[in-house]
Amino acid sequence: MKKMVALLLATVLILSACSQGTSEGDQTSANTQAETTDQQSTQPSGSSTEEKEDVTLEIFQFKVEIVEQLDALIKDFEAEYPYIDVVIDTVGGGQDYGGAFRSRMNSGNEPDIFNIGGPTDRDQWIDFLEPLTDQPWVENSFDGTLDMMTIDGEVYGQPYNLEGYGLIYNVSMFEEAGIDASSIKTLTQLREAFAKLESMKDTLGIDNVLSFSVGDTAWWTAAIHAMNIPFAKQEDPMYFIQGLKDGTQTMAGNDRFMAFTDLLDLYFEYSYSDLMTVSYDDQVGNFALGKTAVLHQGNWTIGMISEIDPEMKIAFLPHPLNDDSSWPNGSIPVGVPNYWCVNKTSPDNEKEAAKLFLDYMASSDRGAKFLVEDCSFIPAFGNITLEPSDQLAASIIEYSAKGYTVPWMWMYAPSGFTDITTKDAIQNYYLGNYDKQAFVEALDAGWQDLSAVTE
């Protein structure tokens, strides 16, 4: 899977370099043919606004960073299809999207389009997932991006985009401190870089080296994204996940998980004095304001960072677990963060409108602009040739082109593992209630208990 994701983003790089060649129709053809061709360049195939009954399309989504951009896209979509009224509800950015989604689905007021995260969510909500296999964007999706949402050849979700995360660093601060970021491939080298930054806090004008969190609205920074590292950097991540499921593997005694505690210790040492109270806005805002030199986050933060300091130069550092060169210590995690799904139980006219909206995002020129230019996404579709221009997207593509990526594995965990088990275990380890052994044993116990519930 690691090679698959690397190949995906290398393909993005190649496609982005290609010249754009969208046809506007044969100008020598009849006017009616030209009009039809022009319409198809902005509208998904098979769409028609003639004799359509008014329909309200309800969308429930998690990504707070793109609300304004999504509103603008919806406005243009509604202008294109005036019989469709789109209502959007966003819950995220530290709020519990999963809990809010469950409440919404149990309320009788189910949305027509919603987000789910991967195989565990897919299996949990399969009775509400409309098959999307026949949709035009499916054949344009990069190889591998639909795997987690496919069962017996049926596709049940549209990939949001491709994202990567790691340690985002302030390039200017590293240069001022005399640190060669490109040479950091091991835990010792990362520790030395953090120590150097710590010794120059007054010179650099920073309060802390690292923006990290284990609680508040940014608890998922540690419990999901950091916790993914020992799973993703297994010799064979899927083999290890299957081993946890069938009882042949454990986290206790696993070298990657024991090494992960050393990485956490480093984060704890060089971040805020109370990581339980650090919010998402604290994390990202303080980094963008130059109060920290490193931020543990992903490329979805580019909008907030650029809004605060559009001149800041930034890129990714990896998450090394130790100094062993045989481990993928120089890599960053890259994957599909979420999927758009259509509610199978919605009325037919609402499902038709929902599919039209998803295809509008993935297949139209306006959708390409929304994904790449407005949201700074790395698109998951080969038909989109616009080039992501922001610094973090460029850094992700650079890692991917070199093959320095690992997958997102938390989506294969039992429901509740990230937001209950790992959240609680990491917080207890941070507070000193667990030692290293108790920490990994708590992870094993939580996995087994939650797996038993879902069986």
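First, the term: a salt bridge here is a side-chain nitrogen of Lys or Arg within 4 Å of a carboxyl oxygen of Asp or Glu. By that rule, the structure holds 16 salt bridges.

Some ground rules. This is a predicted model, where local features need pLDDT of at least 70, side-chain atom pairs count only at pLDDT 80 or more, and totals for chains, interfaces and linings use all residues. Residues are numbered from 1 along each chain as its sequence is written, and side-chain values use heavy atoms, with hydrogens and water left out.

Start with Glu130. Lys351 forms a salt bridge with Glu130, at 3.4 Å from N to O. That pair links distant parts of the chain, 221 residues apart: Lys351 sits in helix α14, residues 348–363, and Glu130 in the loop between α5 (119–124) and β4 (150–151). Helices (H or I, at least four residues) and strands (E, at least two) are DSSP runs, numbered from the N terminus.

Glu130 also pairs with Lys355, with the closest N and O atoms 3.0 Å apart. Lys355 is in helix α14 too, 225 residues from Glu130.

Buried or exposed? Glu130 and Lys355 are both buried, and Lys351 is buried as well. Buried means under 20% relative accessible area, exposed over 50%, partly exposed in between (1.4 Å probe, protein chains only).

Next, Asp262 and Lys436. Their closest N and O atoms are 3.2 Å apart, in a salt bridge. It joins helix α11 (residues 255–270) to helix α18 (residues 436–454), across 174 residues. Asp262 counts as partly exposed because its relative accessibility is 33%. Lys436, at 27%, is partly exposed too.

Last, a network: salt bridges link Asp76, Arg366, Lys369 and Asp374.
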